[in-house]
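Look at the sequence and the 3D view below. This briefing then goes through selected residues and their contacts.

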Amino acid sequence: MENTLGLEIIEVVEQAAIASAKWMGKGEKNIADQVAVEAMRERMNKIHMRGRIVIGEGERDDAPMLYIGEEVGICTQPDAQNFCNPDELIEIDIAVDPCEGTNLVAYGQPGSMAVLAISEKGGLFAAPDFYMKKLAAPPAAKGKVDINKSATDNLKILAECLERSIEELVIVVMKRERHNDLIKEIREAGARVQLISDGDVGAAISCGFAGTDIHALMGIGAAPEGVISAAAMRAMGGHFQGQLIYDPEVVKTGLIGESKQANIDRLKSMNINDPDKVYDAHELASGKTILFAGCGITTGNLMEGVRFFKGGARTESLVISNQSKTARFVDTIHMFNEPKTLQLK
């Protein structure tokens, strides 16, 4: 799968990032999202694959969508029967967030990305558009920290695993009212807190790399993005756990369905009969082959954002594979216009 689709999925996130970056700082988060969706869909529909969106985006806030269940790939073309034999194409599941951090793009803030994860059919958890309690940590702490433990206990374990003092640790938490007690506990334990407004996929992945000065992600964020983070962390060998949050009183946003019971009923309809189950990265991204790709829209901890110049743009992308056990940073020049012949003097 990596040899067949590796370069093409990089181009998918690159095109989404470029389209969205043109709306950076204009205060139009839905447009920044919509153009990313359209660019991602257009590029995916040129790939020789039978793709199915298992995690889309937009349901929670009525944004434009690559909807769950949507078929993508070359066979969606109107004249597909002339050149497409579905039986000969690889069948894959895809999780996407064409503009992870729409507010970050709209207001010109750092850390937004176009991201996706792919696996063979059935290889990604079909998370509902609920919320998820998350714990991401470096490979050295894999299986040692635990989402059921207190933040204080996990900080002690993390410090021991990384051979650091707790005071040297930096923990990323989304700035939300629901996290007030968590933030207080982390600080009282002695660790430092980096608050973010949006975009916790980048924060989770940063835990997997040495030198980012981010040592854990804690707190509640969107469940679909949790699966994408889990795919990347599984491919990197990092720690990721997630637990679905279905009670509106816990989330404190009003963006999570009608009621706790209605959400439990919805989970049952998706064959999720234990709503409180804690999932690890291998359960959220269970496929034999996992590929993650992301491209910076605005500059963040991992990647530069899109930089435009006359006649083109420059992007930085990241593709992580559990197949080749690699994390590749890809620096790309995109030439929008044909370069003119240089005049020799």
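This is a predicted model: local features need pLDDT of at least 70, side-chain atom pairs count only at pLDDT 80 or more; totals for chains, interfaces and linings use all residues.

Are aspartate 200 and lysine 134 buried or exposed? Both aspartate 200 and lysine 134 are buried.

**Salt bridges**

- The count of salt bridges comes to 10.
- Side chains of opposite charge can pair when their charged atoms come close.
- One of the salt bridges is formed by the side chains of aspartate 200 and lysine 134, at 2.8 Å from N to O. Aspartate 200 belongs to helix H6 and lysine 134 to strand S5, so this pair ties together parts that are 66 residues apart in sequence.
- Another salt bridge joins lysine 121 and glutamate 91, whose closest N and O atoms are 3.5 Å apart. This pair links distant parts of the chain, 30 residues apart: lysine 121 is in the loop between strand S4 (113-120) and strand S5 (131-137), and glutamate 91 is in strand S3 (residues 91-100).
- Lysine 121 has a relative accessible area of 52%, so it counts as exposed, the cut-off being over 50%. Glutamate 91, at 32% relative accessibility, counts as partly exposed.
- Arginine 314 and aspartate 331 also form a salt bridge, with their closest N and O atoms 2.6 Å apart. Here arginine 314 lies in strand S13 (residues 312-321) and aspartate 331 in strand S14, 17 residues apart.
- Arginine 314 is partly exposed, at a relative accessible area of 34%. Aspartate 331 is partly exposed as well, at 46%.

**Histidine 215**

- Histidine 215 sits in the loop between helix H6 (200-206) and strand S8 (216-222).
- Its relative accessible area is 6%, so histidine 215 is buried; the cut-off for buried is under 20%.
- A polar atom of the histidine 215 side chain lies 2.9 Å from the backbone nitrogen of valine 170.
- Leaving aside residues up to four places away in sequence, histidine 215 touches several residues, including Ala136, Ala137, Pro138, Leu158, Leu162 and Val170. Arg164, Glu168, Leu169 and Cys207 are also among the residues that histidine 215 touches.

**A nonpolar surface patch**

- Which residues make a nonpolar surface patch of about 310 Å²? Phe309, Ile333 and Met335 make this patch.
- Isoleucine 333 is located in strand S14 (residues 326-335).
- With a relative accessible area of 45%, isoleucine 333 is partly exposed.

Technical notes:
Residues are numbered from 1 along each chain as its sequence is written. Side-chain values use heavy atoms; hydrogens and water are left out. Helices (H or I, at least four residues) and strands (E, at least two) are DSSP runs, numbered from the N terminus. Buried means under 20% relative accessible area, exposed over 50%, partly exposed in between (1.4 Å probe, protein chains only). A polar contact is a pair of N or O atoms within 3.5 Å; within protein, one must be able to donate a hydrogen and the other to accept it, and residues adjacent in sequence count only if both atoms are side-chain atoms. Contact means heavy atoms within 4.5 Å. Patches are made of residues with over 30% relative accessible area and no salt bridge: like charges are joined within 9 Å, nonpolar side chains (Val, Leu, Ile, Met, Phe, Trp, Tyr) within 5 Å. Accessible areas come from the Shrake-Rupley method with a 1.4 Å probe; for residues, only the protein chains shown count as cover. A salt bridge is a side-chain nitrogen of Lys or Arg within 4 Å of a carboxyl oxygen of Asp or Glu.
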